[in-house]
Amino acid sequence: MNERFVKHATFVIERMYSASPERVYQAWSDPVAKAKWYSKPDIFEFRVGGREYSSGGPPEGPVFTFDAIYQELVPEQRIVYTYSLDSDGTRISVSITTVELIQMEGGTKLIFTEQGAFFDGHDTPEVREHGTNIMLDTLGKVLEGEA
């Protein structure tokens with residue numbers, strides 16, 4: 001039998017975008033806009049209690065399943081969601097994520113905080129933080145291209 005364990009971790013990533021908080025929020029809240037920088041969802045219900053669900057991955061790699069529920073939405077200010085992440089049917093983590101949007105001179109400061117439980121070594125906080133940095137960089141490129 002494999003040893004079971006949980007690693008708990010929190011990481012915080014900050015970004016400055018030249019776009020307004022309204023524009024950054026729209027990039028998260030509109031499924032067409034979000035698909036430009038994140039996986040295209042199979043289900044997208046952007047409301048408190050709503051679900052976002054996507055499943056897919058590289059042709060030769062594992063199938064990842066992202067299953068989120070929106071817990072709090074404050075337009076142009078805050079997005080809070082909980083989610084599970086599976087890899088080929090194995091639950092690898094469960095997290096709560098908070099995205100804060102703060103209006104600054106010349107744009108928006110985004111503060112992304114993830115608090116996660118990572119299961120049995122299938123994923124690590126370091127790998128998740130690295131992937132989130134790439135995701136937020138991609139969001140920035142999309143926002144710059146549309147500015």
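**Entry 1: terms and ground rules**

I start with pairing: two strands count as paired if DSSP finds at least two bridges between them. Helices (H or I, at least four residues) and strands (E, at least two) are DSSP runs, numbered from the N terminus. This is a predicted model, where local features need pLDDT of at least 70 and side-chain atom pairs count only at pLDDT 80 or more, while totals for chains, interfaces and linings use all residues. Residues are numbered from 1 along each chain as its sequence is written, and side-chain values use heavy atoms, with hydrogens and water left out.

**Entry 2: the sheet**

With that in hand, I looked up E4 and E5, which run antiparallel and are joined by 10 bridges. Across that pair, Glu-72 stands opposite Val-80 in E5.

Next I followed E4 to its other partner: six bridges join E3 to E4, again antiparallel. Here Gly-56 faces Phe-64 of E4, the two standing opposite each other.

Then I came to E2 (residues 43–44), which is antiparallel to E3 and joined to it by two bridges. Ile-43 stands opposite Tyr-53 in E3. The hairpin of E2 and E3 has six residues between the strands, and in it Gly-49 takes a positive phi near 85°.

In what order do the strands form the open sheet? I read it as E1-E7-E6-E5-E4-E3-E2, seven strands with antiparallel pairing. Strand E1 (6–17) and E2 are the edge strands, since each pairs on one side only.

**Entry 3: the whole protein**

I found three helices and seven strands in the protein. Along the sequence they follow the pattern β-α-α-β-β-β-β-β-β-α.

For overall dimensions, I noted that the C-alpha trace spans about 55 × 30 × 30 Å along its principal axes. The radius of gyration (taken over C-alpha atoms) is 15 Å, which agrees with the value near 15 Å for a compact globule of 147 residues; the globule rule is 2.2 Å times the number of residues to the power 0.38.

I also checked burial: 42% of the 147 residues count as buried. Buried means under 20% relative accessible area, exposed over 50%, and partly exposed in between, with a 1.4 Å probe and protein chains only.

Among contacts (heavy atoms within 4.5 Å) between residues at least 6 apart in sequence, 49% join residues at least 24 apart.

**Entry 4: Gly-106**

Where does Gly-106 lie? I found Gly-106 in the loop between strand E6 (90–104) and E7. Gly-106 counts as exposed because its relative accessibility is 59%. Leaving aside neighbours within four places in sequence, Gly-106 is in contact with Tyr-17 and Ser-18. The C-alpha atoms of Gly-106 and Ser-18 are separated by 5.8 Å, though the two residues are 88 apart along the chain.

**Entry 5: the largest pocket**

My last stop was the largest pocket, with about 570 Å³ of space. Of the 22 residues that line this pocket, Tyr-38, Leu-85, Arg-128, Gly-131 and Met-135 are the closest to its centre. Strands E3 (51–56), E4 (64–74), E5 (78–87) and E7 (107–119) and helix H3 (125–146) each give two or more residues to the lining. H3 gives the most, with six residues.

For the method, I noted that a pocket is an open set of points on a 1 Å grid over the protein atoms alone, where a 1.4 Å probe fits, with protein on both sides within 12 Å along at least five of seven lines; lining residues have an atom within 4 Å of a point. The volume is the space filled by probe spheres set on the points, which are joined across faces, edges and corners.
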